[in-house]
Amino acid sequence: MLWLVVLSAFFWLLAPPLVAWVESVRAGETTAEVGFWTVARSLAGTCHVPWGRRASPIIRFALRSGEGRIRATRTPGRSAWVVEVRGHQRLPFGFAARICSPPAPPARFRAPGLTPVVLDADEPHHLAYCSLESTDERLLRWVLRHAETRLLLDDLQGHAHADHVEVLLAGTVVILRATAPHGTDGGRAVELIAPGLVDTLRRLSDDLDDLATALVEAGEPMSLSFLCRGCGARVADDPWHCPSCNAAMHRGCREMAGGCVGLACAAAPDALPEAPT
Ligand SMILES: [Zn+2]
Ligand SMILES: [Zn+2]
């Protein structure tokens with residue numbers, strides 16, 4: 001009988017701190033993730049919460065010419081969050097480009113043929129606060145001739161409230177990555193940065209859809225069965241094949257895009273989380 005009394009007393013003492021601990025853990029999770037739900041609601045999108053605590057929630061929303069997804073990542077050992085917005089285009093636009101604000105050195109891993117593009121200050125397509133690289137300067141200039149797009153790109157840092165913004169136009173997908181100020185948690189970073197990135201994504205997505213339509217009308221071959229999904233060029237001798245959807249990409253394009261760019265691919269970095277089976 002005595003052991004029952006001891007056991008009851010033990011649980012009676014232990015229960016309050018245990019409840020407090022569980023509540024604090026749950027409160028911590030909610031604080032970190034509430035920003036994702038706020039942004040999802042503002043975009044009339046949905047928020048998909050992953051199983052486990054390793055990945056961030058993924059926001060999914062509609063674009064006029066495709067589908068948008070938002071997530072946040074943090075490199076191990078670094079404290080700053082990176083917010084990433086991707087626009088999966090309904091039509092491939094056939095080239096790769098990288099736009100960095102503030103200007104950054106060329107990417108280490110990149111699409112073959114991605115070279116710096118320097119526009120003089122007196123040129124109408126000039127961007128004052130960005131560095132430019134492209135596999136096809138003519139097509140990048142086509143995008144930059146839109147004054148509204150140029151204004152958004154040239155004020156990326158200010159518009160996104162971020163320390164550093166990188167825009168990748170990667171064959172079929174538009175990727176915008178922004179580094180949040182130090183000390184901002186994942187949910188807050190998404191709330192702060194994603195709206196500005198989404199504005200720019202919508203503009204670029206519309207422009208690139210117009211470009212893709214024009215390319216198809218001009219008779220450019222855009223079949224994805226033999227072209228790299230990351231840059232639109234023909235895939236050479238030693239392509240990388242996605243282990244999940246088997247799409248072929250240049251190895252540099254895969255590194256640049258952070259993985260497979262297939263919208264429905266389970267191995268893509270922004271694949272929607274599934275319940276474990
Ligand atoms: Zn490629
Ligand atoms: Zn894939």
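A: Start with the loop between S5 and S6, the place of Pro-102. A cis peptide bond joins Ser-101 and Pro-102, with omega about 0°. This is a predicted model, in which local features need pLDDT of at least 70, side-chain atom pairs count only at pLDDT 80 or more, and totals for chains, interfaces and linings use all residues. Residues are numbered from 1 along each chain as its sequence is written, while chains are lettered from A and ligands numbered from 1 in the order in which they are written.

Now helix H2. Helices (H or I, at least four residues) and strands (E, at least two) are DSSP runs, numbered from the N terminus. H2 spans residues 137-144, and Leu-139, Leu-140, Val-143 and Leu-144 are buried there. Seen down the axis of H2, these buried residues fall within an arc of 145°, taken from the directions from the helix axis to the C-beta atoms. They therefore line one face of the helix. Buried means 20 or more other C-beta atoms within 10 Å of a residue's own; exposed means 12 or fewer; partly exposed is in between; C-beta atoms are placed from the backbone.

The cover over the buried residues of H2 includes strands S5 (96-101), S6 (115-117) and S7 (131-134). Helices H3 (147-154) and H5 (186-217) are also among the covering elements.

Two residues other than glycine have positive phi. Ala-44 has phi near 55°. Ala-44 lies in the loop between helix H1 (2-42) and strand S1 (46-48). It counts as exposed, with 8 C-beta neighbours inside 10 Å. His-161 has phi near 50°. His-161 sits in the loop between helix H4 (156-160) and strand S8 (164-170). With 15 C-beta neighbours inside 10 Å, His-161 is partly exposed.

Terms used. Two residues are in contact if their C-beta atoms, placed from the backbone, lie within 7 Å.
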